[in-house]
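Reader: I want to learn how to read a model like this one. Where do we start?

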Amino acid sequence: MKLITNKEEIVRLATNIDNFDQALEGGLPEHSVILMAGTSGTMKSSLCFNVAFNEIVNNNANAVYFTLEQNTYSLLNQMITMNFDLSKLNLVRISEISKIDENIKNIDSSKNFIVADVGVLRKEVESLQKVKPESDWIYVIKNIITKLKEKNLCDIVILDSLSALYVLSQFKENPRVKLFQFFEFLRDNEITSLLISEIPPNGKGLGEFGIEDYLADGVILLAKNREGLSVRREISISKMRQTCANMDVFILDFDGGKFRALTKISE
Amino acid sequence: MKKEGFSVDQAISQCAFSNLFKSGLRFKLLFITNNEKHKIVMLDSQSKKQKQVNLDLKLNKTLGGEHINEILFYDIDYNNTNEIIITTDNGRIIVINLNFDEKQPLSTFNSYNVNIYDVFSMFAQKIQRKTNSKDKITELFQGEKIKLSPKINSILFPNIITRKIITIAMDKYLINLDMNDFSIQNYSDLGSQITHINQINHNISIVTTQNAYVLAIEQLLSNKLDLKTALTINDTNITKISKIYNDLLIIKENSVKRLTIKNKSKWAYNVEGSISADILNYDYDYDGYDELLIVSKSGIIHALDKDGKVKWLYNTEFWNTNMPLFFSHKGLTKKQLVSVVTFDGKIYLFKPKGILDLNVEPSSAVMLDYGFYDLEYDANQYLTGNLIEKIEINDTILDNFKLDNEYLLLVSPKGNIYLINVFEN
């Protein structure tokens, strides 16, 4: 990170959520580590994809999506049903451990949406006790990022999800140190990172260890609220470094392939 | 680099390798399993020809689908031929004797019958022991149904002095069996499940238990084997134990500690990522002292000296789950190298000594006035692995073995087996 002389120097990535980018002074600060925190069904994955999709299409960026549990096709089908035109992206799937290097070597220079299907990679080792299948996936993730970055193919990282990463790596001892090191790795590589954090239904913090929001540069909070028989989604900025953010709670609406943040009318 | 290979047409989850025969060094044996089917592959180390023997039906009948814990090659009946000894998580031990005439030419290899028989097959609940005490071990051995967990961790190690006793670890018990009739000589309750055993010397074995106590067990020269606790270490999460000279290397998830047999710590070294491969402990650079090569799932190789000081580091960029190997070739010129194989199928061959890493910027403390780096001053921190060659195999690698000190034998979980001559380039 370099020292700026005025705030206009901060490059921002639009979330492409109508009315929400204004609340963010134009978007998410580039190279920040952002926590997308919410309970299940709050469109965390879709919003992250929305940021990456628009950066790829509009700014020739490259994004890598680490899906630790959801299958690639399930993820992409979900985006197609939301009317994202995937033909505008170069889709690359990393789904075999011995072909990771080859996959990366064959990627063109821009407009790539790379899905690293860690769920499938895990299946390759699940019966191999010698390998300790449920540990140390963080190093696979870091190595893929490093290799993509060497080829300038990694502007945005989406990690789906932090909770799954905790299970698949050793975070229980010194989680604060390990998470700090991981966030620093992402910052050092000048990557804008969207980390999906599942808030447990009755959880106290925004992540499993309750420290994630302190270490992240920004937190976008997603929620569901029930009113009578209807349920509405909400979006708000809980924290955003380098930004005078509007921290109001907005209603999150998705219609006609477009996200909108609607201002709440006081009851 | 010459690569040869073949496939065994089945997924592999576990394997072991041995020169099975004490006489006739020509044949080597690889035992592989995917926990449901078991296969023996015999390799002719000269011609590199291989013969596969499918043991599916015979072993399944005996094993009943149990998970294999450990495969040991040992001449258990002293006929100068190693047997394959398998222990299962049901506490069963199966000894397989491969009976074929090695004098026949290899071309008739197909006609050999693999004669598999159980030297003994033993369930824990069937073992009877007369005892006056009414402790838990009585329940274990007298009941028809086992009262402890059905998943018994069984580890076997032969007593190399008495040659009449083998010791097995079942659950939390160390049990000495007479090899003539497999009757129980004595046993010891170690308090919690036994996870690892390593023989340090002829009469000391180190036993790790689940509650993380490490015990040095003295095996006395007697049929009535005494199991005496010589050392207890209070430590947690110990995964492996190895030895260096007369000391112990205590390996935990992310650290290695050198400990004297009297429980005095000499040094400790931490790594990133878990250590799942065995440590190479050998004087591979011929400086007169053993070196250690530690690999972990961070992908970083750590070459240490006997005092735990870094000699060189190298990042292989993927999980290292296979034990590093040392090769020494005594041809016209003596060559030595160490190999590290990553799980994603990259083979790194290094000269044993590191070289200066030009990518590391030395701190000002070691920069001399004249602009030269003082290599005598803690120079090792600027050394990296002296890579001779990196070979890529488009396959994942589960295990690696050394064959005839010049071939690297690689086994993939997909059922592919590769042979690489590491000195041929």
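Author: We take confidence, then the interface, then the core, a sheet and some strands.

Reader: How much confidence does the predictor have in the complex?

Author: This is a predicted model. Its ipTM is 0.91 and its pTM is 0.84.

Reader: What does chain B average in pLDDT?

Author: Chain B averages 70, and 56% of its residues score at least 70. Confidence in chain B is highest in strand β23 (residues 300-304), at a mean of 96. It is lowest in helix α2 (residues 136-142) of chain B, at 34. The pLDDT is below 50 over residues 100-154 of chain B, a stretch that has 85 contacts in the model beyond near neighbours in sequence. Residues 220-225 of chain B are also below 50, with 18 such contacts.

Reader: How many residues of the two chains are in contact?

Author: 15 residues of chain A contact 20 residues of chain B. On the chain A side, 5 are nonpolar, 5 polar and 5 charged.

Reader: Now the core. Which residues touch the most other members?

Author: The largest nonpolar core has 148 residues. Met36(A), Ala52(A), Ala63(A), Val64(A) and Ile158(A) touch the most other members. Helix α6 (residues 137-150) of chain A gives the largest share, 8 residues.

Reader: How do I check the geometry of that helix?

Author: The 14 residues of α6(A) should span 20 Å at 1.5 Å a residue, and the end C-alpha atoms are 20 Å apart, so the two agree. Buried residues in α6(A) include Trp137(A), Ile141(A), Ile145(A) and Leu148(A). Asn152(A) follows the helix and has a positive phi, near 60 degrees.

Reader: What is the strand order in the open sheet of chain A?

Author: The order is β2-β13-β12-β11-β10-β4-β9-β8-β5-β7-β6, 11 strands with mixed pairing. In chain A, β2 (17-18) and β6 (90-94) are at the edges; each has a single partner strand, so one side of each lacks a neighbour in the sheet.

Reader: Where does Met36(A) find its bridge partner?

Author: Look in β10(A): the partner is Ile220(A). Strands β4 (residues 33-38) and β10 (residues 218-227) of chain A pair in the parallel sense over 5 bridges. Beyond four places in sequence, the contacts of Met36(A) include Leu47(A), Leu195(A), Ile220(A) and Leu222(A).

Reader: And chain B: how many helices and strands?

Author: Chain B has 2 helices and 31 strands. Of its 425 residues, 37% are buried.

Reader: Is Ile250(B) buried or exposed?

Author: Count the neighbours; 20 or more other C-beta atoms within 10 Å means buried. Ile250(B) has 22, so this residue is buried. It lies in strand β18 (residues 247-252) of chain B.

Reader: How do I read the two faces of a strand?

Author: In a regular strand the side chains alternate between the two faces of the sheet. Take β30 (residues 407-411) of chain B, where 5 of 5 residues are buried. Tyr407(B), Leu409(B) and Val411(B) point one way, while Leu408(B) and Leu410(B) point the other way.

Reader: Which strands does β30(B) pair with?

Author: Strand β29 (residues 399-403) of chain B runs antiparallel to β30(B), joined by 5 bridges. Asp399(B) has Val411(B) as its bridge partner. That hairpin has 3 residues between the strands, and Asp404(B) in the turn has a positive phi of about 55 degrees. Strand β31 (residues 416-421) of chain B is also antiparallel to β30(B), with 5 bridges. The hairpin of β30(B) and β31(B) has 4 residues between the strands, and Gly415(B) takes a positive phi near 105 degrees.

How values were computed:
Residues are numbered from 1 along each chain as its sequence is written. Chains are lettered from A and ligands numbered from 1 in the order in which they are written. This is a predicted model: local features need pLDDT of at least 70, side-chain atom pairs count only at pLDDT 80 or more; totals for chains, interfaces and linings use all residues. Two residues are in contact if their C-beta atoms, placed from the backbone, lie within 7 Å. Ala, Val, Leu, Ile, Met, Phe, Trp, Tyr, Cys and Pro count as nonpolar, Asp, Glu, Lys and Arg as charged, and the others, Gly among them, as polar. A residue is buried if 20 or more other C-beta atoms lie within 10 Å of its own, exposed if 12 or fewer, and partly exposed in between; C-beta atoms are placed from the backbone. pLDDT is the predictor's confidence in each residue, from 0 to 100. A nonpolar core is a set of buried Ala, Val, Leu, Ile, Met, Phe, Trp, Tyr and Cys residues joined through C-beta atoms within 7 Å. The expected span of a helix is 1.5 Å times one less than its number of residues. Two strands pair if DSSP finds at least two bridges between them.
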